[in-house]
Amino acid sequence: LLLYQQLAASMEQRSRAPAGTRVTVNAGASLRTVLAELSRVGALRDPRLVEWYLRLHGEKLTAQAGIYELDNGATVRQTLAQLTTGRVVMSQVTIVEGWTFAQLRQALDGNPDLQHDWQHLDEAALMDALGRHGMPAEGRFFPDTYRFAAGTSDRRIYELALRRMSEQLGQQWAERASGTPVRTADAALILASIVEKETGREDERARVAAVFSNRLRHGMRLQSDPTVIYGLGAAYDGNLRRRDLEKDGPYNSYTRDGLPPTPIALPGEASLHATLHPADSDALYFVATGAGDGSHY
């Protein structure tokens, strides 16, 4: 009787783990392993008694894999319920509109709640792993906030963002306005990335898109500074000089006709829509107003 009381009492002991304590449960972890980890962090005091209680009552601890933040002062029974119901830590990562693929990678590589399985892959290998052999990564991932269970592989975020961009681009292309000068969805993605970098103002995107659409129709060069900046890469020091505009390269839209070979950033939904639904305008130029609010004439 005394032993039974001790076993029952072991389930009602309250956690001494500090607030914010996290534990990781690996897939296939045994009951003894899970209880030992809970004991190590102070969530329970005698894992043997808890194990005996569970076995005596025929209760199987089917803890779901993941990272858990333990409730402060919870009983052992409550803690085990948290593990069996899979109430894991939820985290998030935000991919910002206008970021380059390099900035996206930096954000994922630096997120402490992701498992970094693909951190070692270069761009080509990463796209191969995603089933997009030979496709440049730039522009192919949809900017948004992605929620995930802590401990999720970074592969999952790449897969989600790639699929979201494919879906958004497909939908926007299917609903495009008649007369758009871009011939393919991929070309629309490239132009949308330029619109994304040229203006962050919601009220200007369709008009900026109209300028570039009109220039393409007239056979005029786009003359977009962001394309030149992208082509400069690490050599860009924050100042765009005349010699930069005059130096030919695949991303220099001052010296090359048409669109650059790839997107130059990750366009959001608004830029995709504006590119394929440009404003009704004959404008061929725009210039910053200098008002400090990002607006243009």
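1. **Val34.** In this predicted model, Val34 is found in helix α2, residues 31-41. The residue is buried, with a relative accessible area of 5%. Leaving aside neighbours within four places in sequence, its contacts are Val25, Ala29, Leu61, Ala63 and Leu83. Val34 and Ala188 are 154 residues apart along the chain. Their C-alpha atoms are separated by 52 Å.

2. **α1 against α3.** Helix α1 covers residues 2-10 and helix α3 residues 47-56. Their axes come within 8 Å and cross at roughly 105°. An angle of 65 to 115 degrees counts as roughly perpendicular, so α1 and α3 are roughly perpendicular to each other. From α1, the contact uses Tyr4, Gln6, Leu7, Ala8 and Ser10. From α3, it uses Leu49, Val50, Trp52, Tyr53 and Leu56.

3. **The largest nonpolar core.** This core has 27 residues. Which of them touch the most other members? They are Leu104, Leu126, Leu130, Phe141, Tyr146 and Tyr158. At least two residues come from each of α5, α6, β4, α7 and α8. α7 gives the most, with seven residues.

4. **Leu126.** Leu126 is one of those residues with the most core partners. Setting aside neighbours within four places in sequence, Leu126 is in contact with Phe101, Arg105, Trp118, Leu121, Phe141 and Tyr158. Four of these names return in the next point: Phe101, Trp118, Phe141 and Tyr158 form one aromatic cluster.

5. The structure holds five aromatic pairs. Why does the pair of Trp118 and Tyr158 count as stacked? The ring centres are 5.9 Å apart and the planes lie at 25°; planes under 30 degrees apart count as stacked. The pair links distant parts of the chain, 40 residues apart. Trp118 is in the loop between α5 (101-109) and α6 (123-129), and Tyr158 is in helix α7, residues 154-174. Both Trp118 and Tyr158 are buried.

6. Phe141 sits in the loop between α6 and β4 (145-149), 17 residues away from Tyr158 in α7. This pair too links distant parts of the chain. Phe141 is buried, as is Tyr158.

7. **Glu138.** Glu138 lies in the loop between α6 and β4. Is Glu138 buried or exposed? It is buried, with a relative accessible area of 7%. Not counting residues up to four places away in sequence, Glu138 touches Trp99, Thr100, Phe101, Glu123 and Tyr230, and also Thr262, Pro263, Ile264, Ala265 and Leu266. Glu138 and Gly179 are 41 residues apart in sequence. In space they are 26 Å apart, C-alpha to C-alpha.

8. **α7 against α8.** The axes of α7 and α8 come within 10 Å and cross at roughly 105°. That makes α7 roughly perpendicular to α8. On the α7 side, Met165, Leu169 and Trp173 make the contact. They meet Ala185, Asp186, Ala188 and Leu189 in α8.

9. **Cover for α12.** Helix α12 runs over residues 269-276. Its buried residues are Ser271, Leu272, Ala274, Thr275 and Leu276. What covers them includes α7, α8 and α9.

10. **Arginines over rings.** Two cases deserve a look. Arg176 lies over the face of Trp173, at 3.9 Å from the ring centre. Trp173 is also one of the α7 residues that meet α8. The charged end of Arg215 sits over the ring of Tyr285, 5.1 Å from its centre.

11. **Gln223.** One backbone angle to check: Gln223 is not a glycine, yet has a positive phi of about 50°. The residue is placed in the loop between α9 (205-217) and α10 (225-232). Gln223 counts as partly exposed, at 37% relative accessibility.

Terms used. Residues numbered from 1 in each chain as written. Predicted model: local features only at pLDDT ≥ 70, side-chain atom pairs only at ≥ 80, totals over all residues. Heavy atoms only, no water. Phe/Tyr/Trp six-rings, centres within 6.5 Å; stacked < 30°, edge-to-face > 60°. Helix = DSSP H or I, 4+ residues; strand = E, 2+ residues; numbered from the N terminus. Buried < 20%, exposed > 50% of the residue type's maximum accessible area, 1.4 Å probe, protein only. Lys NZ or Arg CZ within 6 Å of the ring centre and 35° of its normal. Core = buried A, V, L, I, M, F, W, Y, C linked by side-chain atoms within 4.5 Å. Contact = heavy atoms within 4.5 Å. Axes fitted to C-alpha atoms, helices over the stretch in contact; angles between N-to-C directions. Parallel < 35°, antiparallel > 145°, perpendicular 65-115°, else oblique.
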